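Let's take a friendly walk through this model, starting with a pocket and ending with some backbone details.

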Amino acid sequence: MFSAAAESFLRQAREIHEEELRRFAGRVSALLQGPEPGAEAAEGLRRLHLTVAATKYPRRLDGKFVELLQTVLCSPKSPEQVQVLCAAILREMSPCNDLILRCDEIQDTKLLSLVSSVLLAQGNKKGEVAAVGQRVVKVLERRLPEGQSALFLLPVLANVISLSPESLTEEQTDAVSRKLADWLRYASTQQGVVQPSGGFFSSPRTKQPAPVTEVDGAIATDFFTVLSVGQHYTQDQWLNVQAFSMLRNWLLLYGGQEGKAPNPGMDRSVTSVVSTTSTPSRLLPPKEHLREKAFEYCQRLVEQSTRRPLKKDDGDLQRACLIEAVTIMDIICKQDSSYVYRAVSFLKTLHGRICGDATYARALLPIAQFFLNHSKLAAVDSDAIYKHLFTDIPAQLFHNPSLAFEFVQFCKDNSQLFTDTSTIFRQSFPNLFKFLAWNSPPLISEFVDLLPFLLDAGTAIEIFHLLLDLPCLTAALDIQLRAAALPTSEKATSDPAVKPTTCLEAFRHPLYKSTFQHLLRTKSAPEDTPESLIPLRQLLGSLAGNPRVVQCAETVPVLLELFFRVVAESADGSLINQLVVLLLQRSDQLYEIPVFKDDVYRVLSSQLAMLCKLRPALVVELSTEILEFSGAVSNIQSKEPIFTHMVWAVGEYLSVSYDKRCTVEQITWFFETLEAVLFEITQFRPLASTPSCAPRAISVLMATLTKLAARSQDLIPRVSMFLSKMRTFVQSPAVTSVYCEEDLEEILIRATELMNLLKMPSVAQFVFNPPMDVASTRLQREMNDSLPLALRMVTHLLEPAPGCTPV
């Protein structure tokens, strides 16, 4: 956030109108055209830069003034501060039609850097990026005059290759590769010379350079790296740091041909010796020379990372450099596989050293990436590395947001590779979901990509449970963190005889220990799934309003829909049947967040219809479970969407057309069960509490009973009598006080239409149980979905319009 003074300056700058800006630019122009721009001109340029940079929309400056800025920028008489400000204003004005700058003839590296920054801001409309790249490389190739430094050009070169890698020729990239290798490997190990101030206490001894040191204070005995410490750095040391900062991108872009595979018949130990005692690096081609020096540099960085730093900031730098070093070694091994054998044992040792230190957790990701890429070639078993990564890190550091994103991104990038090479990835999904439970919704898009790779026939059921319990997992993680922060004296196990009253007390109480352990498990354990987590869900209800829990709950419907979409593509009949049974069972075992439950019911109901359509035979195969669910009136009040879709599926698919095993007895069982339910919710008695049932549920129950009666015509009189009594039902005072007039009218119309349809049993049989060659037509699909067309056609046949004489 800006300070109040800064906010005030920005507000003033934004409020300057075009005319006022034009007049101010005129005053600055007069200052710049003086004999030599001084402090007053610099102050004017600073205010002008603030004005043009303070708004999102571009400010317009006079073309002559823009030309003057370019002239002052390139003038050798201009002070450095003025040149920097001119370049900054020109960048803010980019892309600029009045630009006349060129970099072809500029010799001074500092000026070339400023001019290049303006040219690169133009967007390469006229090939500016290529022109800058050509000039920068040309200057770097030659020996720079005294007082000139390549320090100003490496950032420009890094910008060029990121904008337009193809702008450099192979000869140019070879030349830069040589330079980078030298800057990396041959920087001075002596600190820079501090010039004496000339004061009374100055002495010649202050001019003597001191050696650079390691982060632990020891004198550096090997070559200089970014982790070497000194009070004053030389030019070549700064170039060393800059070269390392752009090394990864340079290798990726210009690392050379694909890696050279070793001779399959050659012994690995021999290959390793050959790779380490090969031609002197200076005689190697430029790309290979750079790879060799970069590999040595990374090895030295890894060695330096073992030293205990004197300053905390140096420790942070150590870890960052270690990550970069391992990543670069991986790139080098991809480009030249002879390096793999030098790196494998080296990185295994590194992993063993840092795996127990949580501060190095991020460094474990590039190490795992290396072994994913190369362990097959090196014939090493890397499962221990993957197991530690997926078991310990998510469980301990799920609350670290940056690590969570990097970890999940790593899994997403390598999901196919993990699926093909290791079972640990899929087995660890309960641990991975801790990242989502604690850091949702920022990670939802990553998990949308990741979930299909975690799903298979062996994990689908457990993942389904986990998704429904995801907000509960968030609450449990919150309790785990709070319990870990308690003083040691308060961490004792709770008394088993005393029932806990708070979540913290329950965390270590024997009554809840197994359920907490199941929620917080680190790997798949389907056989250990508790029969019910209801007591724990109730206990964790106090955290239902926690913002983190609420945010997590919002991600569940998205992942549930994806879950069923993936399952539908490959699931067999057995898995679909299992999911339908679990869907009905779990629908009343959800975490008590009202909005969450409504959203989950919406998803589960639509997916239930999809599963039944995918496998209609399940209605017959799961008749016991479906009858138990649809026969409970309480399910209408508590989970009407699921109840309605289940009853609809019964009416739609309980037919010999879909399953030859369907019998008249089964149809009768379902009819009698649903008839009893409809009777109970439509028989209001005086002084009885009036249940609130959705009109849609009543309509679907009537339609399903009619469909079943059409398939077993002995049932037609029963349902016809029932439908005829619906007029009495909708006119009851107890009913009219609960339902609106429109809903009651819709119920009555549907009852009348269904009753009329049953007056022609052969037509009803055709509508509700069509031949298979008709069932797939568009007309029949529409009739099966809502039946309005068929019902109204029959109604018009049986009830002629007023004024028509019956035949």
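## The pocket and its helices

Helices here are DSSP runs of H or I with at least four residues, numbered from the N terminus. H13 gives the largest share of this lining, six residues.

The second largest pocket has a volume of about 470 Å³. A pocket is an open set of points on a 1 Å grid over the protein atoms alone, where a 1.4 Å probe fits, with protein on both sides within 12 Å along at least five of seven lines; lining residues have an atom within 4 Å of a point. Points are joined across faces, edges and corners, and the volume is the space filled by probe spheres set on them.

## What lines it

Of the 18 lining residues, Arg248, Ile323, Thr327, Pro366 and Gln369 lie nearest the centre of the second largest pocket. By class, the lining has six nonpolar, five polar and seven charged residues. Asp, Glu, Lys and Arg count as charged, Ala, Val, Leu, Ile, Met, Phe, Trp, Tyr, Cys and Pro as nonpolar, and the others, Gly among them, as polar.

## Backbone details

A cis peptide bond, with omega about -5 degrees, joins Ser94 and Pro95. Pro95 sits in the loop between helix H5 (80–92) and helix H6 (109–120). Ser440 and Pro441 are also joined by a cis peptide bond, with omega about 5 degrees.

## About the model

This is a predicted model: local features need pLDDT of at least 70, side-chain atom pairs count only at pLDDT 80 or more, and totals for chains, interfaces and linings use all residues. Residues are numbered from 1 along each chain as its sequence is written, and side-chain values use heavy atoms, with hydrogens and water left out.

Note on methods. Helices (H or I, at least four residues) and strands (E, at least two) are DSSP runs, numbered from the N terminus.
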